[in-house]
Amino acid sequence: MSDPSSPKRRRLSELPVPVFTHDRATVYLGDAVELLPLLPAGSIDALVTDPPYGLSFNGHAWDDATGFRESLHDVDTSAMSAPEVFEAWCTAWAAGALHALKPGAHVAAFGGARTWHRMVRGIENAGFDIRDQIAWLHTTGMPKSMDLSHAIDKLHGVHRADRTVHTDDRDGVLGATRTVVSKGTPVTEDAQRWEGWGTALRPAFEPIVIARKPPKGNSVRNVLAHGVGGINIDGARFADDRWPTNVAFDPVQADALDVLTGTWQGESLSRKFPIFRFEHKPDASERPRAFGVSHSTVKPLGLMRWLVTLLTPAGGVVLEPFAGSGATVEAAMRAGFEVVAVEKDPRYVPLIRSRLER
Ligand SMILES: C[S@@+](CC[C@H](N)C(=O)[O-])C[C@H]1O[C@@H](n2cnc3c(N)ncnc32)[C@H](O)[C@@H]1O
């Protein structure tokens, strides 16, 4: 909640010096809500981003109302619910993006299934047209579900002697992983009644909204005048020249589809969709580590490269306001674009740098 008695932090009136530049990449350390309005108006060709989802992921302040309120320090958020704060925050960064993007320029932004509607509304509130959504279907998501029966036994102060839990902290980035090896036998009558009930499905897709800054005139006139407004169908073709789809798979999901459906017209169905890896804990080649820090929500390079290629014209500038470890930054560079990135947390800047220097 913003404290009305606390002195307001002075807003920057011009863009700060980048924290570093490398080849065609320019990286700013700061708050995207503050910095995007300071970028030159109409200077950006595409925005591809993996912003906070508003899920308090792993307890990170940047992913909950505390972090969002910091960015909205001149908005009175005191009467807003957490979802309303998240939407107001999305509206704020999207308004800055609208200023920085060329007319007709596209946005691709990831969201979380539970909060994505707020982000989409925020992007629309800011003045963008919502054009599509891409569903990235994956297999390795872990359900964050409460075992109601076990929780009831605990509430009644009952210990299940035959319950076994394995704790694995090999990785250290996402914290300890607890695996229930055996749920044990429900003891109380209430627990027996609710055996088998939980509170959440296993997540198996990530939505990616595709939006566009309204073009000036129609798409044809806008493309000719501003060099953006279309999507690069040929550049984003996959598997023997297929038209890009608004569904993408991870390899295991694709295999599962093929097992279920066999073949259709002589080929496996999964070949009709682009396929990108999904991993909660990508290996070192995809998740940089510097000074003992690595990032907990790294996106795969292949998927980010496909998105920047889909939306950015040749020689164009990609904006990533929430860079994290820099997956979008590296993808844009590898695809031959310029990139402007913002990251608020100084601990992640060396990760971005290490991607560009390798
Ligand atoms: C979901 S992570 C991005 C991860 C990235 N896709 C990767 O592959 O590493 C979102 C990032 O946004 C940053 N962030 C949160 N609020 C911000 C803000 N207001 N301005 C700039 N960066 C912010 C967080 O520190 C976090 O690193």
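Predicted model: local features only at pLDDT ≥ 70, side-chain atom pairs only at ≥ 80, totals over all residues.
Reader: Where is Thr297 found, and which residues does Thr297 touch?

Author: Thr297 is in the loop between strand 13 (293-294) and helix 9 (301-311). Leaving out residues up to four places away in sequence, Thr297 touches Phe57 and Gly324. The C-alpha atoms of Thr297 and Gly127 are separated by 28 Å, and the two residues are 170 apart along the chain.

Reader: Why is Trp243 called exposed?

Author: Trp243 has 10 C-beta neighbours inside 10 Å. The label exposed applies at 12 or fewer. So Trp243 counts as exposed. Trp243 has its place in the loop between helix 7 (219-226) and strand 9 (247-249). Apart from neighbours within four places in sequence, Trp243 is in contact with Ile233 and Arg237.

Reader: What makes Ala239 exposed?

Author: Ala239 has 12 other C-beta atoms within 10 Å. The cut-off is 12 or fewer. Ala239 therefore counts as exposed. Ala239 is also found in the loop between helix 7 and strand 9. The C-alpha atoms of Ala239 and Lys272 are 7.8 Å apart, while the residues are 33 apart along the chain.

Reader: Why is Gly59 called exposed?

Author: Gly59 has 8 other C-beta atoms within 10 Å, so Gly59 is exposed. Gly59 lies in the loop between strand 3 and helix 2. The C-alpha atoms of Gly59 and Val187 are separated by 32 Å.

Reader: What is the phi of Asp23, and where is Asp23 placed?

Author: Phi of Asp23 is near 55°, a positive value in a residue other than glycine. Most residues other than glycine have a negative phi. Asp23 is in the loop between strand 1 (20-22) and strand 2 (25-29). With 10 C-beta neighbours inside 10 Å, Asp23 counts as exposed.

Reader: What makes helix 9 mostly covered?

Author: Eight of the eleven residues of helix 9 are buried. They are Leu303, Met304, Arg305, Trp306, Leu307, Val308, Thr309 and Leu311. These buried residues pack against strand 3 (44-49), strand 4 (101-110), strand 5 (129-137), strand 9, strand 14 (317-320) and helix 10 (327-334).

Reader: Which residues have the most contacts inside the largest nonpolar core?

Author: Ala97, Ile123 and Val308 do, in a core of 74 residues. Helix 3 (residues 82-100) gives the most to this core, with ten residues. Val308 touches Ala46, Val48, Val318, Thr328, Ala331, Ala332, Ala335 and Phe337, not counting residues up to four places away in sequence.

Reader: How do you know that the chain agrees with a compact globule?

Author: For 358 residues, a compact globule would have a radius of gyration near 21 Å. The chain has 22 Å, which agrees. Along its principal axes, the C-alpha trace spans about 70 × 70 × 40 Å. Of the 358 residues, 37% count as buried.

Reader: Which domains does the assignment give, and what separates their centres?

Author: The domain assignment gives domain 1 (20-141 + 202-357) and domain 2 (148-193). Their centres, taken over C-alpha atoms, are 36 Å apart. The secondary structure of the chain comes to eleven helices and 15 strands.

Definitions and conventions:
Residues numbered from 1 in each chain as written. Domains from an automatic or database assignment. Core = buried A, V, L, I, M, F, W, Y, C linked by C-beta atoms within 7 Å. Buried ≥ 20, exposed ≤ 12 C-beta atoms within 10 Å, placed from the backbone. Helix = DSSP H or I, 4+ residues; strand = E, 2+ residues; numbered from the N terminus. Contact = placed C-beta atoms within 7 Å. Rg over C-alpha atoms; globule rule 2.2 N^0.38 Å.
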